[in-house]
Amino acid sequence: SVVVEPKVHFFEVPRLGSYFAVPITIKTCLNENAFDKAFEERVRLAAEKATMEKDREDKLREIEERREAGEDPEELDKIEIPSIESLVEADFEMTEDHFVLCINTLGQDRGLTEEQRKYIEDWAKNFRENWGRAEREALNRDIDARIARNQADDKYKEEFGETENENENTRIEEEFKDVQEIEDEERDLRTNIAKMDHARTVILNDHFKPQILAFKEEKVIKMGRLLQAVLYFLGYQKEQICEPETNLLHWKTAKKLLNDEFFDRIKKYEPRGPKGGSYPRYAMIPKLEQTLEGFQQEDVDHYSLAFGYLFKWLNLTITARKGDINLRREAIRQKKEVRAKAEEDHKQWEDERNNQLREAIEEAKKEFDDHMAEEAAAAEGEGEGEGEAEEGEKKEPEEFKFDEEAFLENWDKDNPIDPIPAEVIDDLDNDYELPSEETVAEE
């Protein structure tokens, strides 16, 4: 009673009312576990029916042959003929969800009539019954859709399986048609890109593109984490894919992304070259690889060949992307080594140049000093024989001069050196590097 509840404070005289709640327990079957068991049961039952139908036809044929051979009709009528009517599909595995339907007239100074209470009870009953019926119908449609899809996949593999393998090999051969020599790492990269291109072509063909779009009509989606990885890789945001504030796939929202833009992003994705921009941690290659580790190609193909090609394309594309990153980083590392070696060579060259200049100056200065000493000695001898010269006849002393510019020009010509390569800038591969723990904490 809200009137006597001490936690409820009334700022004026309260107007009373009524509150009525009806529990609703719903048996639900729209989940992966129920889907898997129901699918296996339907496949098993279909196989048993086919076997029983064959046995029935064989038994009827045998009876007819024995009847024509003149055997007693009464005895023949006693023979038990298998009936497929005895085969019944097991019920879906159900789990319970609990809800409460509530109605109130609080603050209205009136109660709920018996008719109103009965209306709510009937509505809750109708809700419970129709919800269960709707889920059963949806699960039946999903099972039938998968059976039809698997049959179409089997037919596709039978008709085009070998052709697809040949097309993939042809695409690889075209990649290396005019190549003479190539490093192993580059060969692996180009092979993966050729396979990736082929898988992409298959995804976009008239068989698998409509099949992927048809998943939007299904209520239960298996391998949702695989689809999440594909969507993250193509640049879709977590808010577009997951339940609010969780990492769980929200299929009702995510399936809207399976449209022409989705296929256009697959078509335009290029694994080569730097990639700047901002990438959330869940969309980075190392994180996506962790997700893909939980899947096997055979299992994905068994569920859906279309999903199998998506899985194959994503794996090949990530492998090609990593291969390109590693090749470019190795090339940059080598360029940095060349530049560092050139800088060291230039330093040694500059040191040698300065040493040679210093030695040349010292040698020229020594020769100048020796020459000046000889001239001074000669002048002194002449002065003793002729007497002292008049003060105005004295010669101005010579100054030492050295043409550094000419020396260096000649030295540079005799000792050429290649220029230092331009500064090497690291490529941005923001889709590959995981952020630091501090960055993750800030996010």
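These are my notebook entries on a predicted model of one protein chain.

**Entry: ground rules**

I number residues from 1 along each chain as its sequence is written.

**Entry: overall form**

I looked up the secondary structure and found 13 helices and 2 strands in the protein chain. Helices (H or I, at least four residues) and strands (E, at least two) are DSSP runs, numbered from the N terminus. I then asked why the chain counts as more spread out than a compact globule. Its radius of gyration is 44 Å, well over the 22 Å given by the globule rule for 443 residues, so the chain is more spread out than such a globule. That radius is taken over C-alpha atoms, and the rule is 2.2 Å times the number of residues to the power 0.38. Along the principal axes, the C-alpha atoms fill a box of roughly 170 × 95 × 30 Å.

**Entry: surface and contacts**

I noted that 30% of the 443 residues count as buried. Buried means under 20% relative accessible area, exposed over 50%, and partly exposed in between (1.4 Å probe, protein chains only). The accessible surface of the chain comes to about 29700 Å², and carbon and sulfur atoms hold 48% of that area. Areas come from the Shrake-Rupley method with a 1.4 Å probe; for residues, only the protein chains shown count as cover. Among contacts (heavy atoms within 4.5 Å) with a separation of 6 or more, 82% join residues 24 or more positions apart.

**Entry: charges and cysteines**

I recorded 67 positive and 116 negative side chains, with the centres of the two sets 12 Å apart. Lys and Arg count as positive and Asp and Glu as negative, without His and the chain ends; each charge is placed at NZ of Lys, CZ of Arg, CG of Asp or CD of Glu. I found 0 disulfides, a disulfide being a pair of cysteine sulfur atoms within 2.5 Å. Cys102 is partly exposed at 41% relative accessibility, whereas Cys242 is buried at 6%.

I located Arg42 in helix H1 (residues 32–68); with a relative accessible area of 14%, Arg42 is buried. Leaving out residues up to four places away in sequence, its contacts include Glu89, Phe92 and Asp144. Leu45 also lies in helix H1 and is buried at 5%.

I placed Phe92 in the loop between helix H2 (73–77) and strand E2 (95–104), where Phe92 is buried at 10%. Beyond four places in sequence, Phe92 touches residues including Cys29, Ala38, Arg42 and Ile143. Its C-alpha atom is 9.7 Å from that of Leu30, 62 residues away along the chain.

**Entry: positive phi**

Which values of phi did I note in residues other than glycine? Asp109 has phi near 55°, and Glu245 has phi near 60°. Asp109 sits in the loop between E2 and helix H3 (114–175) and is partly exposed at 48%. Glu245 sits in the loop between helix H6 (224–233) and helix H7 (251–254) and is exposed at 86%.

Technical notes
Predicted model: local features only at pLDDT ≥ 70, side-chain atom pairs only at ≥ 80, totals over all residues. Heavy atoms only, no water.
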